[in-house]
Each structure stands twice: as structure tokens, then as C-alpha cells.
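Thanks for coming. I have one structure to go through today, and I will keep to what can be read from it.

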Amino acid sequence: MKEEIIKIKEEILSELKKIKESKALSDLETKYLGRKGKLTVFLKQIANLSDEEKQKIGRLANETKQEMIRKFKEARSVISGETEAGFIDVTLPGEKRLLGHLHPITIVQNELEDLFRSMGFMVLDGPELESDYFNFEALNIPKSHPARDMQDTFYIATPHPNPLPHPQPLSFARRGERKERGQEEASVDQSDMVMRTHTSPVQVRGMLKYGAPLRCVAPGRVFRAEAIDAVHEHTFDQMEGLMVDKNISIGNLIAVMKELINSMFGRAVETRVRPGYFPFVEPGIELDIKCTICLGKGCPGCKHSGWLELLPAGQVHPRVLEYGGIDPNKYSGFAFGLGLTRLAMMKYKINDIRLFNSGDLRFLKQF
Ligand code: DAH
């Protein structure tokens with residue numbers, strides 16, 4: 001009986017090979033697997049066998065039948081040009097995979113980090129919830145100083161539960177100076193917290209951690225209690241820069257700035273320098289660039305002046321170096337505070353600052 005089953009199976013397989021169209025295939029299937037088909041009828045005999053034989057043959061019979069059903073199914077899909085998965089049109093274009101996009105601020109930030117790393121600068125990070133001490137005091141802006149009004153600060157109502165002890169600024173005696181520094185700072189309430197209004201506090205943190213000489217940039221988010229409109233946001237991005245070494249002057253600053261601007265815009269952009277006031281630098285400057293939109297002719301983007309304020313900067317105030325534990329008699333430095341958000345707006349000609357934090361994918365997909 002076993003031989004007979006194998007013989008029928010081979011018969012089916014050899015006939016199947018010759019089949020080229022579906023009518024012949026159906027006929028062949030009926031001939032063997034139909035109710036009165038050859039294999040079906042033959043297998044019915046198994047019922048008459050003894051239990052022992054049934055066991056032996058039954059399994060082979062079943063497997064053979066299932067295999068033949070599969071073979072017919074396969075043959076049918078080959079003839080009709082179908083696969084198990086259904087009809088495939090190989091000429092269809094492939095499915096497009098959606099890739100994520102970098103945020104424009106991230107793009108600008110990455111480019112700048114690369115540039116500064118190539119000039120030997122470290123990239124530092126600092127806390128967004130910052131102490132009043134680092135955000136103001138250590139930057140030469142004491143409590144009652146009018147410069148505190150330059151920035152609308154989010155003061156945090158709850159004081160820091162366990163304020164870190166802030167280092168006392170070192171006192172470096174200057175020629176002709178007797179007064180001991182350090183006493184007045186001791187009274188600063190170190191538990192006061194603010195949302196940092198600028199990335200400048202990272203200057204002092206960097207100096208305290210690494211000492212001089214030092215080259216670092218610190219990109220990050222900053223916060224101001226602003227009324228929001230197309231050009232004002234409560235949350236935006238800056239990149240602080242700091243270089244401290246022997247004999248650093250405004251000349252070094254301007255050289256680095258030009259490098260930065262040229263690489264940012266991919267061409268030489270005309271610049272001008274004006275005096276500016278910031279308590280943590282002396283002298284302070286404002287570096288402007290020729291308006292990238294109207295090229296200096298005057299447009300709404302530059303308030304018809306032909307120039308755009310890009311970069312406040314200056315020579316680090318000796319007091320700030322002291323707060324950073326660096327001797328201003330030996331070292332000098334420059335610092336700048338680049339508006340990353342502003343720069344991204346200029347570079348990509350984005351006319352509404354609110355788009356950056358909108359989470360609107362239609363905006364992000366363009367970068
Ligand atoms: N921190 C200042 C601000 O946000 C910007 C600034 C000005 C930073 C001058 C500097 C600087 O490092 O030297 O308004």
C-alpha cells in the first residue's frame with residue numbers, strides 16, 4: 001500500500017509539471033483529489049485495514065494528501081501570476097520612508113560647535129534653573145544694580161531646597177588697591193533661583209571648573225518674562241563664548257567673530273563695531289552685520305538701517321575673572337553672547353520667532 005501511495009504521488013507530480021493553464025489544472029486536481037479522485041478513493045481503503053496497519057500507513061497517507069493540496073495551490077499561483085502575498089506590481093515606486101528633521105536651531109548650533117571645536121574651544125553645558133548668584137552676582141550685577149532691569153527675569157518662588165555653597169570670589173590685590181574683597185559677597189542669599197536669562201553664567205562656571213587658559217562655548221536655552229510676538233519669545237537659544245589667556249584683546253575677539261560670521265553665512269559679510277554696555281565686560285561692544293536680506297539698502301527686517309545687531313561682546317570684566325577664580329593681573333579674556341535663535345532667523349529668513357517652539361511639523365519639515 002505504501003508503494004501504491006508513493007506511485008500515485010509521483011504520477012501527480014509529473015503530470016503537474018506539464019500543466020500550463022488553469023482549466024487543465026482544475027481537471028487534474030479533480031482527477032486525483034476530487035471526491036471520486038484517484039488518491040481520495042485509494043486512501044479510503046485505509047479504513048478497512050487492521051489498527052496496526054492503519055497507524056503505519058495513516059500518517060504517510062495524510063502527509064501525502066496535504067502535500068498534494070499544497071502543490072496544486074502553488075501551481076495555481078504560478079499560473080495566475082500571484083504569490084501568497086497577492087499580486088505584485090514590480091513597476092510601482094517604492095514606499096517612501098519618512099525621516100525625522102533636525103530643528104533649525106540644532107542645525108545652526110551643530111555647525112557652530114564644529115567651528116569652535118576646530119579653533120580649540122570646549123563645548124560646555126550649564127543648568128537652565130540657575131542660582132541668582134551665577135546668573136547675576138558673579139557677572140558683576142549685584143542685587144540693586146539697574147542692569148537687572150535689562151532682562152525680564154523669571155524668579156522662582158520656591159528657594160532651592162539645599163543650595164550648593166557658592167565659592168567666594170578670589171581676591172587678587174591690584175596695584176594701589178587696599179580694600180579686601182570678599183566680605184560683601186558673603187551676604188548673598190544663595191538659595192535664590194531664577195530661570196537663567198542668558199548663557200553667561202556658564203562663563204563663571206567654566207572658569208571655576210577649568211581655570212585659565214580657557215576657550216569654551218556654551219549653547220543653550222534661556223528664559224525671559226517677555227510679552228510674546230513675532231520677534232519676542234520667553235524661551236530662546238543663545239551661545240556664550242569665552243576665551244581667557246595671557247594678552248587677549250578686543251583684536252582677538254574681532255578676529256574670531258569674523259571667522260564665525262564668514263563660516264555661518266558662507267561668505268564674507270560686512271561688519272561694524274559699536275560700543276555697548278554689559279556689566280560683565282569692559283569695554284563692551286556690539287557687532288553688527290550688513291543686513292542679509294536687503295544687503296544694506298534698508299528693509300523692514302533691519303528697521304531700514306541696513307544693519308543687523310548680531311553679537312554683543314566685550315573684554316571680560318576683571319571682577320568676573322575674580323569670580324571665576326582667575327587672576328586679572330595675569331590673564332585677560334573676551335566673551336560674546338550670540339543669539340542662536342536670531343542667527344537661525346537670519347540664516348533661514350524666518351520671520352516669526354514663535355515658529356521655533358510651535359512644534360509645527362510643516363515648519364520643521366523644511367530643514
Ligand atoms: N548675556 C548678554 C545678554 O543675554 C549677552 C552678552 C553680552 C554676552 C556681552 C556676553 C557679552 O558674553 O560679552 O543680553
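How far apart do the C-alpha centres of domain 1 and domain 2 lie? They are 84 Å apart. Please keep in mind that this is a predicted model. Domain 1 covers residues 2-80, and domain 2 runs over 104-364.

Let me take the ligand next. The shell around the ligand holds 16 residues, and His198, Ser200, Arg224, Gln238 and Glu240 are the closest of them. Sorted by type, the shell has 7 nonpolar residues, 7 polar ones and 2 charged ones.

Which atoms of the ligand does the protein approach? On the side-chain side, His198 places a polar atom 2.9 Å from a nitrogen atom of the ligand. Ser200 also has a polar side-chain atom 2.9 Å from a ligand nitrogen. With Ala335 the backbone is involved: one of its polar backbone atoms is 3.1 Å from an oxygen atom of the ligand. As for cover, the ligand taken alone exposes 350 Å², and 93% of that is buried by the protein.

Now Thr271. This residue sits in strand E7, which spans residues 271-276. What does Thr271 touch, leaving aside its neighbours within four places in sequence? The contacts are Lys258, Ile261, Leu287, Asp288, Ile289 and Trp307. Val90, by contrast, is 181 residues from Thr271 along the chain, and the two C-alpha atoms are separated by 57 Å.

On to charge pairs. How many salt bridges does a search of the whole structure find? The count is 22. I will show one example, between Arg59 and Glu63, where the closest N and O atoms are 3.3 Å apart. Both residues belong to helix H4, residues 51-80, and they are 4 residues apart, about one turn of the helix.

Last, some backbone details. There is a cis peptide bond between Ala212 and Pro213, with omega at about -5°. Pro213 is in the loop that links helix H7, 201-210, to strand E5, 214-223. Another cis peptide bond joins Glu282 to Pro283, again with omega of about -5°. Where is Pro283 found? It is in strand E8, residues 281-290.

The other backbone item is Asn247, which is not a glycine but has a positive phi of about 60°. Asn247 lies in the loop between E6 and helix H8, the latter being residues 250-265.

Terms used:
Residues numbered from 1 in each chain as written. Predicted model: local features only at pLDDT ≥ 70, side-chain atom pairs only at ≥ 80, totals over all residues. Heavy atoms only, no water. Helix = DSSP H or I, 4+ residues; strand = E, 2+ residues; numbered from the N terminus. Contact = heavy atoms within 4.5 Å. Near = heavy atom within 4 Å. Polar contact = N/O pair within 3.5 Å; in protein donor to acceptor, adjacent residues only side chain to side chain. Areas by Shrake-Rupley, 256 points an atom, 1.4 Å probe, with all protein chains shown as cover. Nonpolar A, V, L, I, M, F, W, Y, C, P; charged D, E, K, R; others polar. Domains from an automatic or database assignment. Salt bridge = Lys/Arg side-chain N within 4 Å of Asp/Glu carboxyl O.
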